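Reader: I've got a model open and I'd like to learn how to read its backbone. Can you walk me through it?

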Amino acid sequence: MLGAALGGIAAPLATPALAQAWPTRQIRLVLGFPPGGTADVIGRLVGERLGAALGQSVLVENRAGASGNIATEAVARAAPDGYTLVLGTQGTHAANAALFSRLPFDPAADFVAVAPVAAVPNVLVVTPALPVTDVAGFVAYARANPNRIRFGSSGNGTSIHLAGELFKGIAGVEMEHVPYRGSAPALTDLMAGRIEAMFELVPGVRGQIAAAGVRPLAVASRARMPAIPDVPTFGERGYPGFVTGAWFGIFAPAGTPAPVVARMAEALAAMTGPNGTAIARLEEVGAEPMSMTPDAFKAFVATETTRWAEVVRRSGAKLD
């Protein structure tokens, strides 16, 4: 699916002038997750807007498997010429280093962090049968009933699972984690009352919130989300430090010429920076636009790697 561009390593662009002329042909943006999910929605939006900004088409390719590691490894081995990119996440470029005993790539050394594009916060939703209506009531119930609250996730080590583990530490509560094969069956059981809670990503549960199939308690963002404006933040409910979710950003193979990285970053900033062309659409689907320079994004990823390593250590989660 990835074609010859991922089959070997070509020589870097030979001259600064050639690097500045990039791109002269189609760009591939590889996603480590299947069609239809949050990563796919964001990746295709980025591909569309990036192609328009650069004057070349961007082919978005899904190569799912191993928590995003298959696609990420393929791009790590691609030619560092700016024509093969990966939509990285807090999983592929931060948490997976702790979740897997060995990765077939180095998330830091094998990539250039170009720019983030969006963050998708978690929202705490509970079954309507649970006798709580806010975060304070949820925490009080959990403390009075250790491990009686079962929180579902889309699988071990996912951002939905790790958000629950992070909240357990912050709030000082004990809850039982119940992993599923994806968010859909977890939400089905949540609405049916077979589990009590879930720290789902906003795009995945907007419909159930609107239909009153689940009860939202708080969203883990710094400000309220336009997609669910009536849901308070955890900060409003006494937990200002609980800001978490999945983030998405563009990474290129290590060795990609600096002028190419700079042009990519400039195009992405025009999408998600102040008055960016993609802001309204990202907010519509329940995402928060993100914009940083390559150096700032690199530092952010390093901080995230440390943060999630500690959460994984406390949770005991492993994926191999």
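Author: Let's start with the overall fold and then turn to the backbone. Bear in mind that this is a predicted model.

Reader: Okay, how many helices and strands are there in the protein?

Author: The protein has 11 helices and 10 strands. Its radius of gyration is 20 Å, close to the 20 Å that the globule rule gives for 320 residues, so the protein is as compact as a globular protein of that length. Buried residues account for 52% of the 320, where buried means under 20% relative accessible area.

Reader: What share of the contacts between residues at least 6 apart in sequence join residues at least 24 apart?

Author: That share is 77%.

Reader: Now the backbone. What should I look for?

Author: Most residues other than glycine have a negative phi, and most peptide bonds are trans. Departures from that pattern are worth a look.

Reader: Which residues does a cis peptide bond join here?

Author: Tryptophan 22 and proline 23, with omega at about 0°. Proline 23 sits in the loop between helix H1 (16-21) and strand S1 (27-31).

Reader: And where is alanine 66?

Author: In the loop between strand S2 (58-62) and helix H3 (69-76). Alanine 66 has a positive phi of about 55° although it isn't a glycine, and its relative accessible area of 42% makes it partly exposed.

Reader: What about asparagine 275: is it buried or exposed?

Author: Exposed, at 78% relative accessibility. Asparagine 275 has a positive phi near 60°, and its place is the loop between helix H9 (258-272) and helix H10 (279-284).

Definitions and conventions
Residues numbered from 1 in each chain as written. Predicted model: local features only at pLDDT ≥ 70, side-chain atom pairs only at ≥ 80, totals over all residues. Heavy atoms only, no water. Helix = DSSP H or I, 4+ residues; strand = E, 2+ residues; numbered from the N terminus. Rg over C-alpha atoms; globule rule 2.2 N^0.38 Å. Buried < 20%, exposed > 50% of the residue type's maximum accessible area, 1.4 Å probe, protein only. Contact = heavy atoms within 4.5 Å.
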